[in-house]
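Work through the exercises below with the sequence and the model open side by side. Each task is followed by a solution in steps.

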Amino acid sequence: MLLIKAKGGLGNRMLSAATAIAYAKATDRDWCIDWRDGLYAPNGVNAVCNLFQVSASWDFSKFVNRKDLRPAIWLGRGDWPVRMIISSDYPSSHSSPLIYRKVSAPLKAKAIGDEIEVFWSYTSKFGRIRRYLRDSQKDAGRDGVLGHVLRTDLVPQTRIIAAAEQLLLGGKGATLGVHIRYTDLKVPIEKVIASVKRELEKHKYESIFLATDSLQAESLFRSEFSNIITQNRRYSDLNHQLHSVEAHTDKENDADSALIDLIALSKCRGLVYCSRSTFAETSRLIGDFESKRLVDVDRYNVIVRIKKTLQEYL
């Protein structure tokens, strides 16, 4: 059994889970997803079941005291979130690109007996799982494999899909999706705006769907464009990131809003985004975009491209 844990935002979680599921299927492992860490639902509630059409009957209690939990760092702590394991054993390594190797079981072609292997990474690790994939998966490549898993194994709940589709009905015609992350990670908003102007002229989009985590970014965008569709959503008063493990009453509503934005982006005709954001990258993988209607503002950013490549293999 592959026990898929999570840390980080929604895009990170979905790419990590897609990697794990592809690996599990290729190596004949069962899998289950544990998002009970308190970020997108109250502590102890499995947020993945609230958001996606996955099994709601996983019994995590049976994993807690298993002697065959791998790696051994999880022994007696199978119900802990990843962040608690790192805080307890490696408190200065929360941002380390290699900490997942100490928290996740080593990759291997076959599981031994009925052992429970914990899987977690900050984002996609397609480069590391590729050697274990079937030939058909290797031929499909990273985007094909992860996109297929996201579309078939992480299908949003019907209310999420309906809300995303309803948002886009607010447009008069073909809609350009735009994602701007502008809180804990600030993308180059001026370049995004310039790209949007070019795309509007080139493809004659009639409306823009804007997904952002920042009221400041939305205000800047509205000062440049008038034909904008957005969700009526909560923003942080201080332009801080929206999601945290601190107790508040809107976690499930915030989680819904985040996934609605992600799915709505994937259903747009075109997309302007920064690939440094896993949220936008996940939307791209789910969507069925013509290459000429995709604009990655990071496409010429050598540092971002090198970092993304290294993340797949480290």
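**Exercise 1. Which strands pair with β6, and in which sense?**

Solution. Start with β7 (residues 228-229): two bridges join this strand to β6, and the pairing is parallel. Strands here are DSSP runs of E of at least two residues, helices are runs of H or I of at least four residues, and both are numbered from the N terminus. Two strands count as paired if DSSP finds at least two bridges between them. At the residue level, F209 has I229 in β7 as its bridge partner. From β6 the chain crosses to β7 through helix α9 (residues 215-222), a right-handed β-α-β crossover. Right-handed means that, with the strands pointing away from the viewer, the path from the first strand over the helix to the second runs clockwise.

Next take β5, which runs parallel to β6 and is joined to it by six bridges. I180 stands opposite T212 in β6. The crossover from β5 to β6 passes through helix α8 (residues 189-203) and is also right-handed.

The model is predicted: local features need pLDDT of at least 70, side-chain atom pairs count only at pLDDT 80 or more, and totals for chains, interfaces and linings use all residues. Residues are numbered from 1 along each chain as its sequence is written, and side-chain values use heavy atoms, with hydrogens and water left out.

**Exercise 2. Is β6 enclosed or open to solvent? Decide from its residues.**

Solution. Buried means under 20% relative accessible area, exposed over 50%, and partly exposed in between (1.4 Å probe, protein chains only). In a regular strand the side chains alternate between the two faces of the sheet. On one side of β6, S207, F209 and A211 are buried; on the other, I208, L210 and T212 are buried. Six of the six residues of β6 (residues 207-212) are thus buried, so the strand is largely enclosed by the rest of the structure.

**Exercise 3. Which residues of α9 are buried, and what do they pack against?**

Solution. The buried residues in α9 are A217, E218 and F221. They lie on the same side of α9, because they cover an arc of only 100° around the axis; the arc is taken over the directions from the helix axis to the C-beta atoms. The buried residues of α9 pack against β5, α8, β6 and β7.

**Exercise 4. Describe the surroundings of H179.**

Solution. First locate H179: it belongs to strand β5 (residues 175-180). Then check accessibility: H179 counts as buried because its relative accessibility is 7%. Last, list its contacts (heavy atoms within 4.5 Å). Leaving aside neighbours within four places in sequence, H179 touches A211, L265, V272, Y273, S277, F279 and A280.

**Exercise 5. How many residues does the largest nonpolar core have, and which have the most contacts inside it?**

Solution. A nonpolar core is a set of buried Ala, Val, Leu, Ile, Met, Phe, Trp, Tyr and Cys residues joined through side-chain atoms within 4.5 Å. The largest has 60 residues, and L10, M14, I33, W35, F52, F209 and L259 have the most contacts inside it. Helix α1 gives the largest share, 11 residues. A second, separate core has 21 residues, including Y182, F221, I228 and V272.

**Exercise 6. In what order do the strands of the open sheet lie?**

Solution. The order of the four strands is β2-β1-β4-β3, with parallel pairing. At the edges are β2 (31-33) and β3 (69-70), each pairing on one side only.
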